[in-house]
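Here is a short report on a two-chain model. It covers chain layout, cores, a helix pair and the chain contact.

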Amino acid sequence: MSFMGFSKVVLKNLFTGPVTERYPFVPKVYPQGARGSVNIELEKCIFCGICQKKCPTAAIAVTKEPKSWEIDRLRCISCNYCVEVCPKKCLALDTKYAPVSTARSKDMFKAVQSAG
Amino acid sequence: MSERTIIPFGPQHPVLPEPIHLDLVVEDEKVIEAIPSIGFIHRGLERLVEKKDYVDYVYVAERICGICSFIHGLTYCMAIEELMKVQVPDRAQYLRIIWSELSRIHSHLLWLGLTADSFGFESMFMQSWRLREQILDIIEETTGGRVIFGSAKIGGVRRDISSVKMDEIMKKMNVYRKDIAQLCEQFMKDQTVKHRMQGVGLLSRADAISLGAVGPMLRGSGIAQDIRSTGYSGYDRIGFTPVTETAGDCYARCMVRMREMDASFVMIEQCVGKMTDGPIEVKVTGNPAGEFFMRSEQPRGEAIYYAKANGTKFLSRLRVRTPTFANIPPLLATLAGCQLADVPVIVLTIDPCISCAER
């Protein structure tokens, strides 16, 4: 009977566990290569500003003096463009998303000035 | 003759995922005429070409639509590539087809859920979205994004899929193909579904042509027009025949989409079989000049991108004609004369994507 066709699916679902992940009891595993949030290795950075120039949403601000690298997480669209153009390969996309925030703020990274 | 009343349908309505407003002129329960008004979510994305350079605009083009995002970005890239006379490597073209077809499958599964939900078949909605989630997982593994792929680029693609990964995906896809086919069969053979869809929202072959219907709306009325058959982006290298149905009702349009999903799986399989190692992009230098019309087949139908460039890094004009916009006149023709209770089903069978239509 055609109107009973869906009962197969119903029976199958009755004997299999839930499809959804039991987050937060089971940690979320992000696939390798997922585009999450941008991270910087400040030691390698030469503060050339190419990432700032190329960023399509103008989320990145770089200053040479004092040496700082700043990102507005709410503007960033995790497009990976800055990572591609970085000449020193100091930028990388983490697979995890940036944590939620209640206020519009920027993440500032400042280079530690070496003595002398 | 009974009195005429106007019933507003939308912009906020339980079956509508996005805002479109229709004034339904009804006599008793019969719809006499539908008067549309759009423009609730116009974002002015076409004008942004004046502020974003032609490379950056790929990101904006992808965000024109939240569902067929990849094909929007791809069509824009192809238009610029034609202007700059760039030949995209073979491997990149196959990857583009794979992602295009994956986005077609996930879009059709989303549509199936929404359509089933429009007449109260909520368990079908959940089942089809469960399957869609698995397709989204494949997309996330290969491109890094679930809905915004971000992998289209002028001159090629941004990411490659390794052969190991490809084998893994193909194994999963074979299972998903069977699951989706089973679900489609259950949906299409259901008595209630047939009752609600057969003979409802009829669009004749002549009307489909004269009103400019596109995509499954056109193919459901028996016209074998699919832009993929023009062979853009390497579609000419894989066997492709447009899927058509002749009834022209809601059921026929559903059937077209169901069969298209299966055809997409076949196309992905062919691409994987024919793909050879090689570069995935070519370096693009200089600025575009001239004008070009690019057409592509999105899950909802034919999209047209018109790009006009003046030799600087900013385009002087970009015009996008999206499939939902083209399908609004045929929708109004099918609504005239239908029952009020059938309006949600008919609206959903054009697979409306309003953010696309209003840009």
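## Chain A

From the N terminus on, the elements of chain A follow the order α-β-α-β-β-α-β-β. That gives 3 helices and 5 strands. Elements here are DSSP runs numbered from the N terminus: helices are H or I with at least four residues, strands E with at least two. The radius of gyration of chain A is 22 Å, well over the 13 Å from the globule rule for 116 residues, so chain A is more spread out than a compact globule. The radius is taken over C-alpha atoms, and the rule is 2.2 Å times the number of residues to the power 0.38.

Along the principal axes, the C-alpha atoms of chain A fill a box of roughly 85 × 30 × 30 Å. Buried residues make up 13% of its 116 residues. Buried means 20 or more other C-beta atoms within 10 Å of the residue's own, exposed 12 or fewer, partly exposed in between, with C-beta atoms placed from the backbone.

## Basis of the model

The model is predicted: local features need pLDDT of at least 70, side-chain atom pairs count only at pLDDT 80 or more, and totals for chains, interfaces and linings use all residues. Residues are numbered from 1 along each chain as its sequence is written, while chains are lettered from A and ligands numbered from 1 in the order in which they are written.

## Cores

The largest nonpolar core has 108 residues. Such a core is a set of buried Ala, Val, Leu, Ile, Met, Phe, Trp, Tyr and Cys residues joined through C-beta atoms within 7 Å. Those with the most contacts inside it include Tyr76(B), Ala79(B) and Ala307(B). Leaving aside neighbours within four places in sequence, Ala79(B) is in contact (C-beta atoms, placed from the backbone, within 7 Å) with Phe292(B), Met294(B), Tyr305(B) and Ala307(B). Apart from this core lies another, of 12 residues, among them Val38(A) and Cys79(A).

## Helix α2 of chain B

Of the 16 residues of α2(B), 14 are buried, so the helix is largely enclosed by the rest of the structure. Just after α2(B), Lys85(B) takes a positive phi of about 55°.

Which residues of α3(B) does α2(B) meet? Phe70(B), Ile71(B) and Leu74(B) in α2(B) meet Arg96(B), Trp99(B), Ser100(B) and Ser103(B) in α3(B).

## Where the chains touch

The contact takes 15 residues from chain B and 14 residues from chain A. On the chain B side, α4 (122-143) and α5 (163-189) each supply at least two residues. The largest share of that side, 5 residues, comes from α4(B).

Methods:
Contact = placed C-beta atoms within 7 Å.
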